[in-house]
Amino acid sequence: MAAVTALFAMAAAQAAPAAPDAVRGEAVYARCQACHALAFDRVGPRHCGLFGRRAGSVPGFAYSPAMRHFAIAWDERSLDRFLAAPMRVVPGTTMTYAGVADQQERADLIAYLRQVDQTPACRSSQSAGSR
């Protein structure tokens with residue numbers, strides 16, 4: 001009986017997703033840097049100040065009409081949904097990246113974005129009016 005219990009415990013541990021990890025998320029974010037930066041706009045908008053910001057609302061950034069009209073504020077849940085399949089969630093977006101299919105990678109990426117949003121570099125870029 002103890003062997004069966006141990007076997008179930010091992011299976012449950014393997015099936016349970018790991019807690020979101022910002023360090024792993026930073027590695028995932030490296031893919032985003034082809035188009036995005038934290039504190040300034042590139043091909044894609046900046047990520048500092050992302051949480052709580054309405055989609056398509058960075059002043060001066062040329063969003064697609066689809067993103068400008070996507071009526072949502074970014075939080076963990078909306079980011080998870082969007083990052084899984086950007087073009088399916090916002091048809092007509094100019095973000096042509098296929099998305100982050102792996103749920104753990106998305107959770108790690110979101111943890112990284114949440115953590116970095118609290119850094120002095122992000123806070124100073126937001127308070128300087130670049131949000």
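## Stop 1: the pocket

Let's start with the lining of the largest pocket: by class it has 22 nonpolar, 9 polar and 4 charged residues. Here Ala, Val, Leu, Ile, Met, Phe, Trp, Tyr, Cys and Pro count as nonpolar, Asp, Glu, Lys and Arg as charged, and the others, Gly among them, as polar. A quick note on ground rules: this is a predicted model, where local features need pLDDT of at least 70 and side-chain atom pairs count only at pLDDT 80 or more, while totals for chains, interfaces and linings use all residues. Residues are numbered from 1 along each chain as its sequence is written, and side-chain values use heavy atoms, with hydrogens and water left out.

Select His36, Gly44, Pro45, Phe82 and Met95: of the 35 lining residues, these lie nearest the centre of the pocket. Now colour helix H2 (22-32), helix H4 (76-84) and helix H6 (103-117), the elements that give two or more residues to the lining. H2 gives the most, with 4 residues. (Helices, H or I of at least four residues, and strands, E of at least two, are DSSP runs numbered from the N terminus.)

The volume of this pocket is about 660 Å³, meaning the space filled by probe spheres set on grid points that are joined across faces, edges and corners. A pocket is an open set of points on a 1 Å grid over the protein atoms alone, where a 1.4 Å probe fits, with protein on both sides within 12 Å along at least five of seven lines; lining residues have an atom within 4 Å of a point.

## Stop 2: the whole chain

Zoom out. There are 7 helices and 0 strands. Of the 131 residues, 37% count as buried, where buried is under 20% relative accessible area, exposed is over 50% and partly exposed is in between (1.4 Å probe, protein chains only).

## Stop 3: the nonpolar core

Which residues touch the most other members of the largest nonpolar core? Select Met67, Phe70, Trp74, Leu79, Phe82, Leu109 and Leu113, out of 25 residues in that core. H2, H4 and H6 are the elements that give two or more residues to this core, and H6 gives the most, with 6 residues. Such a core is a set of buried Ala, Val, Leu, Ile, Met, Phe, Trp, Tyr and Cys residues joined through side-chain atoms within 4.5 Å.

Now click on Leu113. Leaving out residues up to four places away in sequence, Leu113 touches Tyr29, Leu38, His47, Leu50 and Phe51. Contact here means heavy atoms within 4.5 Å.

## Stop 4

Hop to Ser64, in the loop between H2 and helix H3 (65-68). Ser64 counts as buried because its relative accessibility is 5%. Not counting residues up to four places away in sequence, Ser64 touches Gly92, Thr93 and Thr94.

Next, pick Val100, in the loop between helix H5 (86-89) and H6. Is Val100 buried or exposed? Buried, because its relative accessible area is 2%. Show its neighbours: with residues up to four places away in sequence left out, Val100 touches Arg31, Leu83, Ala84, Glu105, Arg106 and Leu109. Try the distance tool too: the C-alpha atoms of Val100 and Phe82 are separated by 9.2 Å, and the two are 18 residues apart along the chain.

Finish at Thr96, in the loop between H5 and H6. Thr96 counts as exposed because its relative accessibility is 62%. Its C-alpha atom and that of Pro86, 10 residues apart along the chain, are separated by 7.6 Å.
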